[in-house]
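I opened my notebook to look up how the parts of this chain meet.

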Amino acid sequence: MHRIPFAIPDLDQAEINEVVDSLNSGWITTGPKVKRFEENFKEYIGAKHALAVNSATSGLHLALDAIGIQAQDKVIVPVNTFTSTAEVVRYFDADPIFCDIEKDSFNICIKSLKHILNTYPKKDKIKAIMPVHIAGQACDMDPILKLAKEYNLKIIEDAAHALPTTYKGKLVGTIGDITVYSFYATKTLCTGEGGMITTNNDNYAKRIKVMRLHGFDRDAWDRYNTNKPSWYYSIIAPGFKYNMPDLNASLGIHQLKKVDNFYEKRKSIAKKYDQAFKELPQIQTPYVVNKNDKHAYHLYILKVPQRDKFIEELAKKGVGTSVHFIPLHIQPYWKNKYNLNENDFPNAINNFQAIMSLPIYTKLQDDEIDYIIKSVKEIYEKLI
Ligand SMILES: *Cc1c(COP(=O)(O)O)cnc(C)c1O
């Protein structure tokens, strides 16, 4: 049987050589490669600052710190996301207010967002919104920006899926106050583990730089490049250990060069899937809000009948799949902590019962794509 994993990173000799170069140089933690990666990323996005970290989770934590989240504050988070987005709110002993999603795009529902903002009893406690660009399709940012302005909220974008994603022609990365990317092994740019924070705000960038490395007033690399004695540093805050090592940045530098080619490849796979599955009436292919925008297609999410059975049958045929996401309000911790009911977020729960993510990555071969399509069609015929 042919086995097709759900995701494989696309790393080649350039990445390997760069890692070896770092190993030979003797500088393996945060140093010149991270600087270079940040410079290149900043340029790619067109942001004023790009700050590398060791994961998107760390990045989201630093973003909330930068905007000054305090205990008991509230942050609006869509229920359809990875737990990171909400977990970082709890790091402050603050609380997420969960929000339902749009039925078709799976992104945060603007109507539900408005409802929360209109009806929440302690409105002044709400400090931020964290939109998540699910699968790599941008949230509807204009109404979110408008509401943020009206209610004096900051916008922290979870762009873990959203490289490269555009909203009304503009790359995600400078629309909200702070944007956070993930370079986890399965993401559209991978460094093994890693993340990047972009912002146009100098104060946020300054705070993030301090907090990502123990609260040092400048990072280790700078210490070797100024005329202060190299042993000297001052601690100005109780920071974290969230810096990205040069070994990871070595991958990032070369991955970034390929990010547009990677995108074209995933888009062509999505097109093939769309074409093949649109003839199956009970399968819903990804809903594209704006055809002129870039959908990063980090994920290709289908809605299928008998989802559990579908996944089981695909596994029997050797095709790896996943589910993005099990909504947070049915996860034991979140459910119990905030006394949530399954039906509190009807779109999210209905969506969850039908969704399945198919493999979509640049290493996927044409015959594998054909095999996946054929398998989905066979299972469909069998189950319907
Ligand atoms: C992957 C992911 C994260 C976490 O990324 P890490 O780099 O692993 O911390 C956060 N949010 C979403 C939506 C993700 O998919």
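**Entry 1: a charged pair**

I looked up aspartate 93 and found it partly exposed, because its relative accessibility is 38%. I keep in mind that the model is predicted. Next I checked the partner of aspartate 93: its side chain meets that of arginine 90 in a salt bridge, at 3.3 Å from N to O. Is arginine 90 buried or exposed? Arginine 90 is buried, because its relative accessible area is 18% and the cut-off for buried is under 20%. I noted a general point here: side chains of opposite charge can pair when their charged atoms come close.

**Entry 2: a pair along one helix**

I moved on to glutamate 378 and lysine 374. Their side chains form a salt bridge with an N to O distance of 3.8 Å. Both sit in helix α14, residues 366-383. They are four residues apart, so about one helical turn separates them. I looked up how open they are. Glutamate 378 is partly exposed, at 36% relative accessibility. Lysine 374 is also partly exposed, with a relative accessible area of 45%. I then found a network: salt bridges with shared partners join Lys309, Glu312, Glu313, Lys316 and Lys382.

**Entry 3: a pair across the chain**

How many salt bridges does the structure hold? I read off 25. One that I looked up joins the side chains of glutamate 15 and lysine 258, at 2.8 Å from N to O. This pair links distant parts of the chain, 243 residues apart. Glutamate 15 lies in helix α1, residues 13-25. Lysine 258 lies in the loop between α9 and α10. I found both glutamate 15 and lysine 258 buried.

**Entry 4: two domains**

I turned to the domains. The chain divides into domain 1 (13-257) and domain 2 (259-383). Their C-alpha centres lie 26 Å apart. I looked at the contact: 41 residues of domain 1 touch 35 residues of domain 2. The area buried between them is about 3300 Å², and carbon and sulfur atoms give 60% of it.

How many salt bridges run between domain 1 and domain 2? I found zero. I did find 22 residue pairs in polar contact between the two domains.

Which element gives the most to the side of domain 1 that touches domain 2? Strand β3 does, with four residues. I sorted the residues on that side of domain 1 by type: 18 are nonpolar, 13 polar and 10 charged.

Notes: Residues numbered from 1 in each chain as written. Predicted model: local features only at pLDDT ≥ 70, side-chain atom pairs only at ≥ 80, totals over all residues. Heavy atoms only, no water. Domains from an automatic or database assignment. Contact = heavy atoms within 4.5 Å. Buried area = accessible area lost by both parts, 1.4 Å probe. Salt bridge = Lys/Arg side-chain N within 4 Å of Asp/Glu carboxyl O. Polar contact = N/O pair within 3.5 Å; in protein donor to acceptor, adjacent residues only side chain to side chain. Helix = DSSP H or I, 4+ residues; strand = E, 2+ residues; numbered from the N terminus. Nonpolar A, V, L, I, M, F, W, Y, C, P; charged D, E, K, R; others polar. Buried < 20%, exposed > 50% of the residue type's maximum accessible area, 1.4 Å probe, protein only.
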